[in-house]
Amino acid sequence: MSLQKADVERIAHLARLALTEEEAARYSGELSNILDFVRQMEGVDTEGVVPMAHPLDATLRLRPDQVTEADERSLFQSIAPMATEGLYLVPKVIE
Amino acid sequence: MEMEWESVIGLEIHAQLSTHSKLFSGASTAFGAPPNTKACAVDLALPGVLPVFNEQAARMAVQFGLAISAEIAPRSVFARKNYFYPDLPKGYQISQYELPTVGRGRLAIVLEDGSTKIVGITRAHLEEDAGKSLHEAFHALSGIDLNRAGTPLLEIVSEPDLRSAREAVAYMKKIHTLVRYLGICDGNMQEGSLRCDANVSVRRVGDARLGTRAEIKNLNSFRFIERAIDYEIERQIDLLESGGVVRQETRLYDPDRHETRPLRSKEEANDYRYFPDPDLLPLVLDEAFLRAVRRDLPELPDEKHARFQREYGLSAYDATVLTATREMADFFESTLQCAKSDPKTVANWVMGDFSAALNKSGVELDASPVTPALLGGMIQRITDGTITGKMAKEVFEAMWSGEGDADAIIEKRSLRQMSDSSALEAVIDRVMTDNPAQVTQYRAGKDKLFGFFVGQVMKATSGQANPAQLNELLRRKLTGEK
């Protein structure tokens with residue numbers, strides 16, 4: 001299976017990645033290879049095999065419901081590009 | 001010939017779970033704190049942080065699942081839902097996709113005609129809330145408050161089983177009652193603790209296929225849900241009847257203008273590229289966990305509603321009012337226990353004067369100055385004949401303003417009902433002597449004057465006459481019987 005350049009551009013846009021022409025060409029080749037590999041794996045009989053959600057054979061650790069974090073706003077905001085009145089400021093977004 | 005239309009509605013309800021800390025961090029979920037003081041490194045997605053799951057959120061999701069007779073997944077998986085927005089610092093929301101914790105369930109709602117309808121619930125999954133963007137205060141900038149980021153949500157997705165805005169509201173109300181009974185969500189719609197998106201489509205009656213749906217986002221009051229859905233149904237029917245087509249899109253309801261309008265078109269917005277979150281292992285809930293949750297489940301609204309009718313002989317209406325919230329039901333039962341009177345009398349007081357006083361003063365039930373012990377004690381004094389129902393209203397008001405318990409108020413205000421019939425007879429005699437003209441008129445057939453005499457006697461006894469006794473004595477004396 002081969003990905004077209006337009007597919008790669010769309011995927012890159014969804015991930016907010018800016019690709020040069022050369023990168024787009026290179027990635028469409030590399031991503032197509034990955035898809036070919038997946039196609040190859042589809043040939044394996046996986047009847048009755050539970051899909052793997054995580055490579056570690058372990059389950060989620062449960063944390064008791066307790067507040068353990070103190071307010072560190074001023075520390076966090078000291079590295080923010082812009083903040084005022086406790087709010088982080090970003091270029092205007094409106095739907 | 002005009003064709004009939006049928007509307008098809010499904011709701012996605014977001015219930016904020018009442019945990020102390022967030023879904024994947026130890027930051028507080030407290031509402032209304034100064035901006036960003038409850039947003040820790042995990043909520044801010046600073047490099048190197050990892051999510052650690054809050055056990056209480058799983059317990060609450062399972063509680064809900066059991067209450068709607070749903071399948072609880074022994075193993076569920078968290079997935080990343082990818083999109084970019086400044087109030088979502090990670091660039092993805094941790095949610096559940098293919099394997100949610102709560103699977104297929106159902107909920108019964110009562111329709112306006114009194115019939116019951118079963119609404120299918122497709123699933124309920126755990127996910128984290130985003131922060132808040134404030135667009136108003138700044139020029140060319142948006143302010144971001146991440147206090148809400150990471151707050152646990154249970155997203156409850158219904159089947160497209162609802163057929164009108166009214167049905168949707170009835171279903172939403174039922175969920176509202178249920179989550180509050182379970183104590184898993186405070187149900188505060190104004191603060192956004194419970195909000196919903198409505199998927200609305202229309203089709204010709206008899207058509208098996210679903211029409212194209214529009215999704216109305218972020219409805220946060222019962223009234224808005226009803227109005228927005230009604231508007232949207234009408235919009236779609238008008239559109240189709242004039243030869244147009246409904247576009248699949250997301251719309252927002254504007255309550256001020258009473259209309260829905262499309263969000264800026266984002267064709268790719270729905271391409272969330274879900275995949276299992278590699279930072280999180282599968283959530284496995286064993287039998288012991290489920291047993292413990294089941295054991296601690298409170299009596300549910302429908303069970304309580306049935307029991308109130310069966311055990312106390314109350315009407316379906318009374319049972320509905322009294323079980324509307326768990327607090328109200330508890331208040332009624334505690335009062336009944338203190339009153340040692342018949343349930344209907346207690347129900348009338350709780351639903352009547354007591355609820356009216358709560359509404360009028362805007363006081364919450366748990367802050368009421370009149371406790372079950374006080375109200376029950378007063379009702380006991382009505383039942384044992386110490387005071388009349390009318391005096392009780394005065395006693396109740398005095399209790400409400402903090403003058404003590406019923407016995408103290410009865411004593412202080414000399415509200416004791418007159419039970420000595422000879423004393424009452426003396427008053428009646430005096431009233432008749434003072435009003436000879438009215439006596440003559442009454443005896444000549446002017447029956448309406450009976451009320452005049454009752455009023456005079458009540459006035460003379462400061463309302464302490466027993467009404468039944470007064471009626472009987474008065475009638476006898478006026479008609480000249482001995």
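This is a predicted model: local features need pLDDT of at least 70, side-chain atom pairs count only at pLDDT 80 or more; totals for chains, interfaces and linings use all residues.
Q: Are the rings of B:Trp349 and B:Phe396 stacked, edge-to-face or tilted?
A: Their centres sit 5.9 Å apart, with the planes at 45°. Stacked needs planes under 30 degrees apart and edge-to-face needs over 60. That makes the pair tilted.

Q: Which helices does the pair of B:Trp349 and B:Phe396 link?
A: These two buried residues are 47 residues apart and tie together distant parts of the chain. B:Trp349 belongs to helix 8 (residues 343-361) of chain B, and B:Phe396 to helix 10 (residues 389-400) of chain B.

Q: Is B:Phe453 buried or exposed?
A: Its ring pairs edge-to-face with B:Phe452, centres 5.3 Å apart and planes at 75°. B:Phe452 has 27% relative accessibility, so B:Phe452 counts as partly exposed. For B:Phe453 the relative accessible area is 0%, and under 20% is the cut-off, so B:Phe453 is buried.

Q: Which residue lies over the face of B:Phe450?
A: Over B:Phe222 you'll find B:Lys173, at 5.3 Å from the ring centre. Over B:Phe450, at 4.3 Å from the ring centre, it's B:Arg475.

Q: Which strands stand at the edges of the open sheet of 3 strands in chain B?
A: The order is 5-4-15, with antiparallel pairing. Strand 4 (residues 78-82) of chain B pairs with strand 5 of chain B over 5 bridges. Each edge strand has a single partner, so one side is left without a neighbour in the sheet; the edges are strand 5 (92-96) and strand 15 (275-276) of chain B.

Key. Residues are numbered from 1 along each chain as its sequence is written. Chains are lettered from A and ligands numbered from 1 in the order in which they are written. Side-chain values use heavy atoms; hydrogens and water are left out. Two strands pair if DSSP finds at least two bridges between them. Helices (H or I, at least four residues) and strands (E, at least two) are DSSP runs, numbered from the N terminus. Rings of Phe, Tyr and Trp (its six-membered ring) pair if their centres lie within 6.5 Å; planes under 30 degrees apart count as stacked, over 60 as edge-to-face and the rest as tilted. Buried means under 20% relative accessible area, exposed over 50%, partly exposed in between (1.4 Å probe, protein chains only). A charge sits over a ring if NZ of Lys or CZ of Arg is within 6 Å of the ring centre and within 35 degrees of the ring normal.
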